[in-house]
Amino acid sequence: MGIGFQKYGLFSAAVLLISACFNQARRELGGLASSGCDLYQGSWVLDDSFPLYDTASCPFIDSEFNCQKYGRPDKQYLKYRWKPTGCDLPRFNAVDFLRRFKGKKIMFVGDSLSLNQWQSLICMLHAAVPQANYTLVNRQIFTLPDYGVSVILSRNEYLVDIVPEKIGRVLKLDSIEGGNAWKGVDMLIFNTWHWWIHTGSKQPWDYIEEGGNVYKDMDRLVAFEKGMTTWANWVDSNIDPASTKVFFQGISPTHYIGSEWNQARMNCNGQTQPVSGSTYPEGSPESAAVVKNVLSKMLKPVDLLDITTLSQLRKDGHPSAYGPDGAQGMDCSHWCLAGVPDTWNELLYASLLL
């Protein structure tokens with residue numbers, strides 16, 4: 001009988017702890033909503049309780065994001081927390097997140113920045129329940145069977161279709177047949193932009209087709225807006241907001257040109273601190289304005305994870321020379337994990353509960 005009571009006491013304590021976490025999250029987010037705080041305006045502050053997980057203990061991080069594995073000597077970049085100007089961003093509560101998505105599917109759709117954020121989220125979840133069973137299929141489908149939660153990656157650099165035809169590979173700005181794979185998912189987080197400006201051998205298409213007309217090339221910002229509009233129309237036609245929550249991950253910046261943050265002849269290599277303050281000297285990229293314009297015209301609700309400015313401030317957050325290819329593969333586009341994408345997921349979590 002004593003053992004039974006002991007087990008019951010431990011169970012009750014666990015229930016009370018989980019309940020306390022839920023109530024704390026509600027209080028934080030309730031205050032956030034009433035304050036009218038803009039989560040995306042603020043600055044980065046040092047916080048010794050960060051990072052949210054140990055890079056070495058997360059088995060899902062690709063080499064291109066694993067800066068510690070490739071010898072990055074500084075670790076202060078791991079210690080920054082995003083601080084909105086008028087409030088505090090609630091700390092990510094993985095147990096609450098898993099409870100809310102029990103029996104559901106979450107899908108990231110986009111390019112390698114979606115991969116960056118997807119790996120960040122599954123590391124954050126794994127760190128919270130390290131003893132839980134998990135499956136990882138083709139490094140794209142992460143499932144926690146005990147919680148019934150699946151976090152899926154769907155690689156699609158343009159969101160619209162690229163189709164092989166007799167003339168070559170055709171980027172079809174008004175076709176989105178690939179969208180069939182996104183149906184029936186409970187939460188979708190979309191992203192696209194970086195591949196729209198690729199040229200030469202990095203460009204995966206030979207022609208652009210739009211409105212029945214074929215072009216050898218097109219102003220890339222114009223093409224991007226046309227592709228985004230096709231995606232928006234797909235969401236408006238195919239998504240039921242009662243069953244599927246949709247986010248668009250804002251434009252993730254690069255840091256190859258130091259003059260953008262007033263350091264001429266520099267790039268992200270050797271950067272160990274964020275840009276101070278709340279504004280980025282170069283201002284917002286034109287692609288971010290395109291995203292906001294397209295979203296503003298949509299019929300169905302889509303939440304923008306407006307991560308552009310806060311990420312622009314993090315010139316120190318990239319792999320730079322600390323990736324598989326060293327200095328020859330200088331990477332000022334992706335982000336180290338742990339790192340900046342963890343904050344994107346904290347903002348995703350906060351947005352879910354507001």
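Helix H5 (residues 286-296) provides the largest share of the lining of the second largest cavity, 3 residues. The model is predicted. The lining of this second largest cavity consists of Gly250, Ile251, Ala288, Val291, Lys292, Leu304, Asp306 and Thr308.

A search of the whole structure turns up 2 cavities of 30 Å³ or more. In the largest cavity, 13 residues form the lining, and Phe50, Leu78, Tyr80, Gly339 and Asp342 lie nearest the centre. Helix H7 (residues 340-353) contributes the most to that lining, with 3 residues.

The largest pocket has a volume of about 890 Å³. It is lined by 29 residues, of which His194, Ile197, Thr254, Tyr256 and Ser333 are the closest to its centre. Helix H4 (220-238) and helix H5 each supply at least two residues of the lining of this pocket.

Volumes and lining classes are set out below.

| Space | Volume | Lining by class |
|---|---|---|
| Largest cavity | about 80 Å³ | 9 nonpolar, 2 polar, 2 charged residues |
| Second largest cavity | about 30 Å³ | 4 nonpolar, 2 polar, 2 charged residues |
| Largest pocket | about 890 Å³ | 10 nonpolar, 11 polar, 8 charged residues |

Among the residues of the second largest cavity are Lys292 and Asp306, and its lining has 2 charged residues. The lining of the largest cavity likewise has 2 charged residues, and Asp342 is one of the residues nearest the centre of that cavity.

How values were computed
Residues are numbered from 1 along each chain as its sequence is written. This is a predicted model: local features need pLDDT of at least 70, side-chain atom pairs count only at pLDDT 80 or more; totals for chains, interfaces and linings use all residues. Side-chain values use heavy atoms; hydrogens and water are left out. On a 1 Å grid over the protein atoms alone, a cavity is a set of points where a 1.4 Å probe fits but cannot get out, and a pocket is an open set with protein on both sides within 12 Å along at least five of seven lines; lining residues have an atom within 4 Å of a point. Grid points are joined across faces, edges and corners, and a volume is the space filled by probe spheres set on the points. Helices (H or I, at least four residues) and strands (E, at least two) are DSSP runs, numbered from the N terminus. Ala, Val, Leu, Ile, Met, Phe, Trp, Tyr, Cys and Pro count as nonpolar, Asp, Glu, Lys and Arg as charged, and the others, Gly among them, as polar.
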